[in-house]
Amino acid sequence: MTATPVQPDLKARHRAMWGLGNYARVADELIPELGQVIVEACEIGPGDRVLDIAAGTGNAAIPAALAGAVVTASDLTPELLEIGQARASGETGADAITWRVADAEKLPFDDAAFDVVMSCVGIMFAPFHEKAAAELLRVVRRGGRIGLVSWTPEGFIGQMFATMKPFMPPPPEGAQPPPRWGDETYVRGLLGESVTSVRAEKRMVAIDSFETGAEFRDFFKACYGPTIVAYRGIAGDEDRTADLDAALADLGDRYVAAGVMKWEYLLLTAVRS
């Protein structure tokens, strides 16, 4: 007899998903500028105690450390932190970042431990938004700064997730779609009266890595965890695989113009009240 394997819990599945493919290529080749955007928006400087939630490979944590901050980079997926730590080891001023495996919905840090809490297209992927927002608010001191960069629902990445949704299993009960963090009204509701001086701005990041939608699709099939998981879920079904191939290529083609794609994101900053 063989025992039926226990299905991994949600956090284990998320941890494994982001360890698939090569997220470092996504961060380094496509969106490297977003880390500096959030560091500047939060006015991070020498001596600031900074927490980067869902830091991935250090896209924002490293520039924060180079600005003189004392940085803790946390993420659910240790493989991403290991890549970030290796990258930072070659950067004078960034080699002292603390890399910590942590769940955004249950952070292992004291109340009011940080002057700045930020997340660059990271915390948005925690499935239960209210829990993640509550933890973010808990660990930043009163008067401290909050900075968030999130893909918008109507922008390219939001539309990519909408395109993949019919090919993926239903989310757990109570989980919210990641791109909702790119809706200013929604995020204001999550943070509520715990913040003041909220500033929000939609911006575009220009992606010049793909000439066609098919090139975009193939890159994400190889490198991006959620896309890899979508395809694994329909492996063996040639028709559904072909449908997803066509849908993602078509989406890419609709956004490519003269070899450039523009991906919309929301930059939101606030002060802990």
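View A: R203 counts as partly exposed, at 30% relative accessibility. For the exposure labels here, buried is under 20% relative accessible area, exposed is over 50% and partly exposed is in between, using a 1.4 Å probe and protein chains only. Keep in mind that this is a predicted model, where local features need pLDDT of at least 70 and side-chain atom pairs count only at pLDDT 80 or more, while totals for chains, interfaces and linings use all residues. Residues are numbered from 1 along each chain as its sequence is written, and side-chain values use heavy atoms, with hydrogens and water left out. The partner of R203 is E201: their side chains meet in a salt bridge, 3.3 Å from N to O. E201 is partly exposed too, at 40% relative accessibility.

View B: The closest N and O atoms of K11 and E105 are 2.7 Å apart, and the two form a salt bridge. This pair ties together distant parts of the chain, with K11 in helix 1 (residues 10-19) and E105 in the loop between strand 3 (98-101) and strand 4, 94 residues apart. Helices (H or I, at least four residues) and strands (E, at least two) are DSSP runs, numbered from the N terminus. Both K11 and E105 are buried. As a reminder, side chains of opposite charge can pair when their charged atoms come close.

**View C: strand 4 and its neighbours.** Strand 4 (residues 114-120) is largely enclosed by the rest of the structure, because 7 of its 7 residues are buried. It pairs with strand 1 (residues 49-52) in the parallel sense over 3 bridges, and with strand 5 (residues 140-151), again in the parallel sense, over 6 bridges. Two strands pair if DSSP finds at least two bridges between them. V117 is a handy landmark: L51 stands opposite V117 in strand 4, and V117 stands opposite I146 in strand 5. Follow the chain from strand 4 through helix 6 (residues 129-139) to strand 5 and you have a right-handed β-α-β unit. Right-handed means that, with the strands pointing away from the viewer, the path from the first strand over the helix to the second runs clockwise.

View D: D115 and R49 form a salt bridge with their closest N and O atoms 3.0 Å apart. D115 is buried, with a relative accessible area of 10%, whereas R49 is partly exposed at 34%.

View E: With a disulfide taken as a pair of cysteine sulfur atoms within 2.5 Å, the structure holds 0 disulfides.

**View F: the buried face of helix 9.** G213, F216, R217, F219, F220 and C223 are the buried residues of helix 9 (residues 213-223). Seen down the helix axis, they fall within an arc of 165°, so they line one face; the arc is that of the directions from the helix axis to the C-beta atoms. These residues pack against helix 2 (23-30), helix 7 (156-164), helix 10 (225-233), helix 11 (238-255) and strand 7 (261-272), where contact means heavy atoms within 4.5 Å.

View G: E43 has a positive phi of about 55° although it is not a glycine. E43 lies in the loop between helix 3 and strand 1 and is exposed, with a relative accessible area of 64%. A258 also has a positive phi of about 55° without being a glycine. A258 is in the loop between helix 11 and strand 7, and at 83% relative accessibility it counts as exposed. For context, most residues other than glycine have a negative phi.

How values were computed:
Salt bridge = Lys/Arg side-chain N within 4 Å of Asp/Glu carboxyl O.
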